[in-house]
Amino acid sequence: MDIILETAHLTKVYGNNRGIHDMSLQLHEGDVYGLLGPNGAGKTTFLKLITGLIRPDQGTISLFNANLAEQFEQGMQHVGSMIESADFHEFLTAWQYLELVARFYPAVTPKRIEEVLDLVGLLKVRKEKIKGYSTGMKQKLALAAAILPEPKFVILDEPTNGLDIEGTVMFRKLIKQLSEEKGTSFLISSHMIHELEQLCNRVGIVVEGHLKKEGYVSELLKSNQSLEQFYIDELQLSKEEKDCA
Ligand SMILES: Nc1ncnc2c1ncn2[C@@H]1O[C@H](COP(=O)(O)OP(=O)(O)OP(=O)(O)O)[C@@H](O)[C@H]1O
């Protein structure tokens, strides 16, 4: 399987001394990788680095064999992302917003815009202004924008934030469908551990800016009751190691 993302010794430390340290991670084509970790562990920082929203202090990022620091456009060509709450032009409608996004992707047709709006359940409200949308509706629109150009790799930061039960089920189905039918790879940061258990083939746990543990979900479930149990045990272990140090 081809490597689609490789980070080596990725480090970003903010002025307040927080951030991430020495994070090396590989994702292969077809992976649905879940990034877990407590609040403030460094998940969003990692996702911002690999999408070029912030620059690393040290380390390298390679996306589809392109070094992000030198070949940004080439690296990001097949990547769709949704990082933190999207900032929309609220006076636009969902349709107009996606038309705007589509300008960057000549292959995206109005039919494709209609298709993604249908996929995320916003087709009926496509002509309404975004300023009237709820948090969950905006989240769905951000997801629609991320998958609009049919990227090979989609990076999602807390994608189910604000989604209702129906929306969460829609999200899970959509990821499964894209992964199974189109072979799309995903990197998903989320606190919804039960969702990740159903969706991901691999997970990584970030604690205090370090990638503490990685594994294949099928392997982890052989020796753990659930992903949640594995996660709680790993956090406890990290705490004990810290107390001993
Ligand atoms: N722009 C910034 N300036 C200073 N510190 C920051 C900045 N962004 C993040 N941090 C700090 O870096 C650490 C990692 O934050 P990050 O947002 O990456 O965590 P996270 O794992 O995504 O957390 P959450 O699950 O709460 O979203 C936190 O301690 C946070 O306070």
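Q: Is the crossing of α3 and α5 left-handed or right-handed?

A: This is a predicted model, in which local features need pLDDT of at least 70 and side-chain atom pairs count only at pLDDT 80 or more, while totals for chains, interfaces and linings use all residues. Residues are numbered from 1 along each chain as its sequence is written. A crossing is left-handed if the near helix is turned anticlockwise from the far one by less than a right angle, and right-handed if clockwise; that of α3 and α5 is right-handed. Helices (H or I, at least four residues) and strands (E, at least two) are DSSP runs, numbered from the N terminus.

Q: At what angle do the axes of α3 and α5 cross?

A: Two packed helices are described by the angle between their axes and the distance between the axes. The axes of α3 (residues 94-102) and α5 (residues 135-147) come within 10 Å and cross at roughly 30°, where axes are lines fitted to C-alpha atoms, for helices over the stretch in contact, and angles run from 0 to 180 degrees between N-to-C directions. The two helices are therefore roughly parallel to each other, a term for angles under 35 degrees, with over 145 counted as roughly antiparallel, 65 to 115 as roughly perpendicular and the rest as oblique. Their contact (C-beta atoms, placed from the backbone, within 7 Å) is made by A94, Y97, L98 and V101 of α3 together with L141, A144 and A145 of α5. By class, these residues divide into seven nonpolar, no polar and no charged; Ala, Val, Leu, Ile, Met, Phe, Trp, Tyr, Cys and Pro count as nonpolar, Asp, Glu, Lys and Arg as charged, and the others, Gly among them, as polar.

Q: In what order do the six strands of the open sheet lie?

A: Strands of a sheet pair through backbone hydrogen bonds, either parallel or antiparallel. Here the order is β6-β7-β8-β3-β9-β10, with mixed pairing, where two strands pair if DSSP finds at least two bridges between them. β6 (79-82) and β10 (210-216) are the edge strands, each pairing on one side only. Within this sheet, β7 (residues 153-157) and β8 (residues 185-189) pair in the parallel sense over five bridges, and F153 stands opposite S185 in β8. Helix α1 packs on the sheet, touching β3 (32-36), β7, β8 and β9 (202-207), and its direction makes about 145° with that of β7.

Q: How many residues lie between β9 and β10 in their hairpin?

A: There are two residues between them, and E208 in the turn has a positive phi of about 45°. β9 and β10 pair in the antiparallel sense over six bridges, with H210 in β10 as the bridge partner of V207.

Q: Which strands are the edges of the sheet of four strands?

A: This open sheet has the order β2-β1-β4-β5, with antiparallel pairing, and its edge strands are β2 (19-28) and β5 (66-67). Helix α1 packs on this sheet too, touching β1 (3-13), β2 and β4, and its direction makes about 120° with that of β1.

Q: Which helix gives the most to the shell around the ligand?

A: Helix α1 (residues 43-50) does, with three residues. A residue is near a molecule or strand if its C-beta atom, placed from the backbone, lies within 6 Å of it; the residues around the ligand include Y14, R18, N39, K43 and T44. By class, the shell has two nonpolar, eight polar and two charged residues.

Terms used:
Two residues are in contact if their C-beta atoms, placed from the backbone, lie within 7 Å.
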